[in-house]
Amino acid sequence: MTDDALHQLYLVRADNIMPVMLAAEAGNVDAYYVMKAVKLALEQTEKAQFNCMCLDCSTKFGPKSRPPPAFAIWIPLKTPTEKFQVIAHPICARCANRDDLMNAIFKFSRKAWPKSKPMFVEHPQWAD
Ligand SMILES: [Zn+2]
């Protein structure tokens, strides 16, 4: 992923994943990538040696912890020929309910990709 890439940024909560799943099955490309990233992140947090931390605190996820209740997902704006990487970062239950969660996500984003300008998709059409 290049530093100056533009990203679409999604916040997905585990208790509201069904519309995303349905949209992905219906062929919505972004919903498909969001689901793929969430599945991959869940698999990784379930692996024995994998200690994945929350986006904005030191809560760790592992095989013995409950699955993360939310994920921040970055999808690079793509060109059809270019390989790109979708990132899903788990968020713990405490942070998922914080009022300043979006600020934390943008802060993380600036740190990970200093030149990127994430565009937060607040209400994707498939989230209805
Ligand atoms: Zn947290």
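How many residues does helix 2 have, and how far does helix 2 reach from its first C-alpha to its last? Helix 2 has 18 residues and reaches 26 Å between these atoms, close to the 26 Å expected at 1.5 Å a residue; the expected span is 1.5 Å times one less than the number of residues. The structure is a predicted model, in which local features need pLDDT of at least 70 and side-chain atom pairs count only at pLDDT 80 or more, while totals for chains, interfaces and linings use all residues. Residues are numbered from 1 along each chain as its sequence is written.

The protein chain contains four helices and six strands, arranged along the sequence as β-α-α-β-β-β-β-α-α-β. Helices (H or I, at least four residues) and strands (E, at least two) are DSSP runs, numbered from the N terminus. Of the 128 residues of the protein chain, 28% count as buried. A residue is buried if 20 or more other C-beta atoms lie within 10 Å of its own, exposed if 12 or fewer, and partly exposed in between, with C-beta atoms placed from the backbone. Among contacts between residues at least 6 apart in sequence, 66% join residues at least 24 apart; two residues are in contact if their C-beta atoms, placed from the backbone, lie within 7 Å.

Four strands form an open sheet of mixed pairing in the order 5-4-1-6, where two strands pair if DSSP finds at least two bridges between them. Strand 5 (87-91) and strand 6 are the edge strands, each pairing on one side only. On average, neighbouring strands of this sheet are turned by 25 degrees against each other, direction ignored. Axes are lines fitted to C-alpha atoms, for helices over the stretch in contact, and angles run from 0 to 180 degrees between N-to-C directions.

Strand 1 (residues 6-13) runs parallel to strand 6 (residues 117-120), and four bridges join them; Leu6 has Lys117 as its bridge partner in strand 6. Seven antiparallel bridges pair strand 1 with strand 4 (residues 70-76), and the partner of Gln8 in strand 4 is Ile75. Strand 4 also pairs with strand 5, in the antiparallel sense over five bridges, and here Ala72 is bridged to His89.

Two helices pack on this sheet. Helix 2 (residues 29-46) touches strand 1, strand 4 and strand 5, and its direction makes about 55 degrees with that of strand 5. Helix 4 (residues 101-112) touches strand 1, strand 4, strand 5 and strand 6, its direction making about 140 degrees with that of strand 1.

Within strand 4, Ala72 is buried because 25 other C-beta atoms lie within 10 Å. Not counting residues up to four places away in sequence, Ala72 touches Leu9, Leu11, Leu55, His89, Ile91 and Ile105. Under the same exclusion, the contacts of Ile91 include Cys54, Leu55, Pro68 and Phe71.

The largest nonpolar core has 26 residues, and those with the most contacts inside it are Val12, Val34, Ala37, Val38, Phe71, Ile73 and Ile91. Such a core is a set of buried Ala, Val, Leu, Ile, Met, Phe, Trp, Tyr and Cys residues joined through C-beta atoms within 7 Å. Strand 1, helix 1 (18-25), helix 2, strand 4 and strand 5 each supply at least two residues of this core, and helix 2 gives the most, with seven residues. Buried residues of helix 2 include Ala31, Tyr33 and Met35. The buried residues of this helix pack against strand 1, helix 1, strand 4 and strand 5.
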